[in-house]
Amino acid sequence: GGGGMAAAAVAPGGGWVDVALLKDEGNAAGLMMEDGISTLTFYKGDAGAASAALRQQFGLVVAANPWLAGHLERAGKGVVLRHPASPSEQQVGALFRGKAHLHGFQPSPTAPYLETCAAMFKAKEAVVPSGNDLLGKGAPVSRLTVAGAGAGAFSVVFSLSHAVGDGRTYYEVLKMLQPGAEPRALRTERKQSFSEDMRDVCGRKELEWADTCGTQCLYTCGMMFAPGKPKCFAFELDEEQLAAAKSAGKAGGRVAHVSTNDVITSGFFTACKARIGMMGMDCRGRMEGIEDDMAGNYVTALTMDESTFGSPAAVREMLSSKPFKTTTMPLPSCFGWMCGNDSASFAMATNWSSFAGDIVQLEGCELQIHLPLKNPAYCVFDLVIPFAARPGKVGLLCWVVSTDERGLRKALPLGSSVDATLFPAK
């Protein structure tokens, strides 16, 4: 019927469900500012057949997780995710574009990654905009798009509002999009005490600093004084160098083992000569009552200094005792940081590979590469994202302002570029 909203209000099965979001999720100056979490995967094969298979599977996933068809509404002082109790075919269809011709921008495996990112966040066709832009508009919190990419090739973009889920939630849904997979229902009811509990475990003092001083200074300094444009690289990990780094990491006898993430975090923060390094951490399974099947933002950023990121063993040690002791040096003062008396270098690490599992394989198609989509306008500081580039292959996406490829190679076990066309040599 005309005007989708009227039709939706009397949808079959009527009822709408409101999920009260966490305080941190509904924060207009926090997660509501962030763009949707999005990835881009290129395939070779028949876009039509792939589209049909994905659309069918997506229907099953949304039936098990009707919140994916929801939208954001204001409720009192907070924000709710309002979704149909059982989404209609029409409501699921509104989230999907198959074999689409995107008006704004068609992702291509031969265009440089940076150009693709900039164009996609500008067009906002395949990527879900920020929570602030979605609020009260009735626009859905998720989108799945299959777009042609030249003869015999296509791309798949899945995007999810950051206000309703973190990287873990994102990949739990993406994994279910595997045609033939059994979708599981994620729990949407939020554990409202998480925000305070997490601060107790992860360093209240550091997180307060990060919330007020750190992030503001970071963006203002980054935007105002960025030393030229950030360079963007994506490398494969070199397995031999990585194995050697892991052996060396535990050789001091301080810890029994170090993880790939310990090696990357320590190496990257060190290469960037960071004064403060922030490492994203999924709290599921690490905190009482925060479990694997919970949708939402149950993540924190550990605010670290050289004493905790100086070596892979130091990272491992910090992670093995709770509450985490993440810094030993005094935190930089806001004023000092703004006026340049306190070293202003800041770096961030957020691991997308640890919960990616197997990337969606489509029958009769060949997966070329899977990539996080980031808005270049906001990548104005040193940032590393380990990601699943291909099944069983981890890539490192690096945005750097304070070092270059040589600096990164000296500090990290890097192999060749994940794709020379997407990431042309600097």
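Predicted model: local features only at pLDDT ≥ 70, side-chain atom pairs only at ≥ 80, totals over all residues.
Local features were considered only at pLDDT of at least 70 and side-chain atom pairs only at pLDDT 80 or more, whereas totals for chains, interfaces and linings use all residues. Residues are numbered from 1 along each chain as its sequence is written, and side-chain values use heavy atoms, with hydrogens and water left out.

The interior is described first. A nonpolar core is here a set of buried Ala, Val, Leu, Ile, Met, Phe, Trp, Tyr and Cys residues joined through side-chain atoms within 4.5 Å. Buried denotes a relative accessible area under 20%, exposed one over 50%, and partly exposed a value in between, with a 1.4 Å probe and protein chains only. The largest nonpolar core comprises 82 residues, of which Phe58, Trp67, Leu72, Tyr113, Phe154, Leu397 and Phe423 touch the most other members. Leu397 is in contact (heavy atoms within 4.5 Å) with Tyr113, Cys232, Phe233, Ala234, Pro372, Leu383, Val384, Ile385, Phe387 and Phe423, when neighbours within four places in sequence are left aside. In soluble globular proteins, nonpolar side chains tend to be buried together.

The cysteines were examined next. A disulfide is a covalent bond between the sulfur atoms of two cysteines; the criterion applied is a pair of cysteine sulfur atoms within 2.5 Å. The structure holds zero disulfides.

Helix H6 (167–176) is largely enclosed by the rest of the structure, because nine of its ten residues are buried. The buried residues are Gly167, Arg168, Thr169, Tyr170, Tyr171, Glu172, Val173, Leu174 and Met176. They pack against strand S2 (37–44), helix H2 (47–64), strand S7 (153–160), strand S9 (276–282) and strand S12 (366–373). In the loop between H6 and helix H7 (194–202) lies Thr188, which counts as buried at 18% relative accessibility. Beyond residues up to four places away in sequence, Thr188 touches Val19 and Trp67.

Axes are lines fitted to C-alpha atoms, for helices over the stretch in contact, and angles run from 0 to 180 degrees between N-to-C directions. The axes of helix H10 (residues 260–271) and helix H12 (residues 312–319) come within 8 Å and cross at roughly 120°. H10 is therefore oblique to H12, given that angles under 35 degrees count as roughly parallel, over 145 as roughly antiparallel, 65 to 115 as roughly perpendicular and the rest as oblique. Asp262, Val263 and Ser266 of H10 meet Pro312, Val315, Arg316 and Leu319 of H12 in this contact.

Phe309, in helix H11 (residues 306–309), is buried at 2% relative accessibility. Its contacts, leaving aside neighbours within four places in sequence, are Ser266, Phe269, Thr270, Ala274, Ile276, Gly277, Met304 and Val315. The C-alpha atoms of Phe309 and Thr270 are 7.7 Å apart, although the two residues are separated by 39 residues along the chain.

Ala111 belongs to the loop between strand S5 (96–100) and helix H4 (113–123) and is buried at 18% relative accessibility. A distance of 7.0 Å separates the C-alpha atoms of Ala111 and Thr421, which are 310 residues apart along the chain. With neighbours within four places in sequence set aside, Ala111 is in contact with Thr116, Thr421 and Leu422.

Finally, positive phi values were found in residues other than glycine. Lys124, in the loop between H4 and helix H5 (131–134), has a phi of about 50° and is partly exposed, with a relative accessible area of 26%. Lys273, in the loop between H10 and S9, has a phi near 50° and counts as exposed at 64% relative accessibility.

Note on methods
Helix = DSSP H or I, 4+ residues; strand = E, 2+ residues; numbered from the N terminus.
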